[in-house]
Amino acid sequence: MAKVVDKEQKRREIAISCTDLLFEVGIRKLTISQAAIAAGIGKGTIYEYFENKDDIVFEIINMIIENYHDEFLEAIKNLKTTKEKLFCFLKFVMDDSDSNLKEFNAFKEYLAVVLSDDNTSMKKYNNSCHIFFKEQLFKIIKEGIEKKELIPEAIEFIDGLLVFERGLSLLKMTQENFNTNEICINFINSIFKFIEIKKNI
């Protein structure tokens, strides 16, 4: 009896096996032949699971972002203040560790593909990511208001925080020696001067 292959699972397995290769050579230099060798399968087999190279990249980025979403949700469980949670939201753009920079640079190349190819499926996926973080920020800010940390008007800052994070990501991608951490700290501290409820000492 022929073995039944879970196509989605196999697709993810191939993408996982190509992740280090993507980080090593970059999106533009990655080839289907290299991906097949990394996955230990024939070049023709790749096309049974992916339409083209960009499709492989999309799956890898998808997994990276899914993992980041899970890590974000887990991390904010252990944080007590709204400010700490907002800094956690900005971690992807603030963290200069080798492992994070690998993923950040892969995301940079991914955005280049989205912008240059006008890829509709990638744009839809980006929209779903935007909705995810908007919902999480809403929960964080709402909880801060309910705990009397923040004024009710703080909820109006959600879209601004999302735009700030995206803009900051682009600046970090396009400028040399850009001090992301200093700007993030100053920005969040400035916002909290307006939205934080002052405690009577």
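Of the contacts in the chain between residues at least 6 apart in sequence, 66% join residues at least 24 apart. The model is predicted. Its chain has 10 helices and zero strands, so the pattern read along the sequence is α-α-α-α-α-α-α-α-α-α.

**Overall dimensions and burial**
- Taken along the principal axes, the C-alpha atoms of the chain fill a box of roughly 70 × 45 × 30 Å.
- The chain has 201 residues, and buried residues make up 40% of them.

**Confidence of the prediction**
- The average pLDDT of the chain is 88, and 97% of the residues score at least 70.
- Among the elements of the chain, α5 has the highest mean pLDDT, at 95, whereas helix α7 (residues 98–117) has the lowest, at 83.
- Where pLDDT is low, predicted coordinates should not be read in detail.

**The packing of α4 and α5**
- Two packed helices are described by the angle between their axes and the distance between the axes.
- Helix α4 (residues 53–77) packs with helix α5 (residues 82–89) at an angle of about 165°, and their axes are 10 Å apart.
- Angles over 145 degrees count as roughly antiparallel, and α4 and α5 are therefore roughly antiparallel to each other.
- The crossing in which α4 passes α5 is right-handed.

**Residues in the contact**
- From α4, the residues Y68, F72, A75 and I76 take part, and they meet K85, C88 and F89 in α5.
- By class, the residues of this contact of α4 with α5 are six nonpolar, no polar and one charged.

Methods:
Residues numbered from 1 in each chain as written. Predicted model: local features only at pLDDT ≥ 70, side-chain atom pairs only at ≥ 80, totals over all residues. Heavy atoms only, no water. Axes fitted to C-alpha atoms, helices over the stretch in contact; angles between N-to-C directions. Helix = DSSP H or I, 4+ residues; strand = E, 2+ residues; numbered from the N terminus. Parallel < 35°, antiparallel > 145°, perpendicular 65-115°, else oblique. Left-handed = near helix turned anticlockwise from the far one by under 90°. Contact = heavy atoms within 4.5 Å. Nonpolar A, V, L, I, M, F, W, Y, C, P; charged D, E, K, R; others polar. pLDDT = per-residue confidence, 0-100. Buried < 20%, exposed > 50% of the residue type's maximum accessible area, 1.4 Å probe, protein only.
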